[in-house]
Amino acid sequence: MAKDKSNTAPAAPATSVDVAGEDIHWNQDISYGSYLKLDDLLACQAPLSDKHDEMLFVVIHQASELWMKCCIHEIGAAMEHVKADNLGPVFKMLSRVARIQTNLKQSWEILSTMTPSDYAAFRDDLGQSSGFQSFQYREIEYRLGNKAERMAEAHKASPARYDRLQKVLDEPSFYDLCLQLLARRGFDIPADVLERDWRKPYVANDKVEAAWLAIYRDTQKYWDLYELAEKLVDLEHHFHAWRFAHMKTVERIIGYKRGTGGTGGVSYLVKALDLRFFPELWTLRTSL
């Protein structure tokens with residue numbers, strides 16, 4: 001009786017390659033290129049001019065957006081773990097985001113190899129496009145606590161992105177969740193801190209600083225909360241280093257010209273350096 005071959009799938013073609021004297025075999029159901037969708041990814045670089053340096057400009061910003069996507073992935077997951085009072089995974093996730101920020105800072109150093117003349121050669125081709133319009137950057141800032149509501153208006157032309165930012169505005173920030181955690185652990189966090197208009201920026205509070213001070217003064221008792229605080233400080237430290245590198249790179253390349261998106265350029269970026277996500281974690285250091 002003949003065998004029923006109706007459910008027999010054809011075998012994937014095998015490939016053999018000699019690598020450093022070893023005969024490597026694998027099937028081709030999936031490859032490095034197909035897994036990473038490299039054909040699509042490498043087709044995304046489309047400079048608008050014929051100027052040599054524009055390719056670097058495009059790659060730096062596209063790579064930065066990919067890293068920001070990873071940051072959003074990590075921050076979102078860490079927020080869920082804070083809600084569940086499960087801090088172990090949070091430490092790794094925040095460390096990862098901080099190290100991604102270091103990588104992003106390095107990208108500005110690469111871009112700084114572009115001279116003012118290099119950039120001027122294709123700047124007009126960019127039109128009104130600007131990093132100011134990065135919706136992923138805006139989401140990171142909103143999730144970390146810089147709830148500058150009016151900044152979402154730059155994304156109104158894209159309903160999906162605008163609606164996503166509105167949703168993030170309506171939710172507690174990472175720091176808000178951490179303060180709710182402190183309250184669940186028995187610290188005296190004021191009710192108007194725990195329940196407020198999440199669309200508004202957080203305002204520093206003396207009782208919140210007192211709670212963090214108690215943690216820093218007895219690190220053995222509150223080790224996981226102390227570790228959480230230091231991971232937040234590490235994250236913000238690297239975030240500010242990234243902002244500073246951005247500002248200095250812009251200053252080096254265009255001086256004090258206005259930004260392509262209509263911002264003040266360097267003057268706008270300097271103001272951003274004064275923003276704090278987790279204010280009491282910085283001010284308590286003077287009181288210790």
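In which helix do lysine 105 and glutamate 109 both lie, and how many residues apart are they? Both belong to helix H4, which covers residues 88-111, and they are 4 residues apart, about one turn of the helix. The model is predicted.

Lysine 105 and glutamate 109 are joined by a salt bridge in which the closest N and O atoms lie 3.2 Å apart. Lysine 105 has a relative accessible area of 27% and is therefore partly exposed, because the partly exposed class lies between the buried limit of under 20% and the exposed limit of over 50%. Glutamate 109, at 42% relative accessibility, also counts as partly exposed.

In total, the structure holds 23 salt bridges.

| Salt bridge | N to O distance |
|---|---|
| Lysine 105 – glutamate 109 | 3.2 Å |
| Glutamate 153 – lysine 156 | 3.2 Å |
| Glutamate 171 – lysine 167 | 2.6 Å |

Glutamate 153, whose side chain meets that of lysine 156 in a salt bridge, is partly exposed at 38% relative accessibility.

The side chain of glutamate 171 meets that of lysine 167 at 2.6 Å, N to O. Glutamate 171 has a relative accessible area of 23%, which places this residue in the partly exposed class. Through salt bridges with shared partners, Glu171 and Lys167 belong to one network together with Glu139, Arg143 and Arg164.

Methods. Residues are numbered from 1 along each chain as its sequence is written. This is a predicted model: local features need pLDDT of at least 70, side-chain atom pairs count only at pLDDT 80 or more; totals for chains, interfaces and linings use all residues. Side-chain values use heavy atoms; hydrogens and water are left out. A salt bridge is a side-chain nitrogen of Lys or Arg within 4 Å of a carboxyl oxygen of Asp or Glu. Helices (H or I, at least four residues) and strands (E, at least two) are DSSP runs, numbered from the N terminus. Buried means under 20% relative accessible area, exposed over 50%, partly exposed in between (1.4 Å probe, protein chains only).
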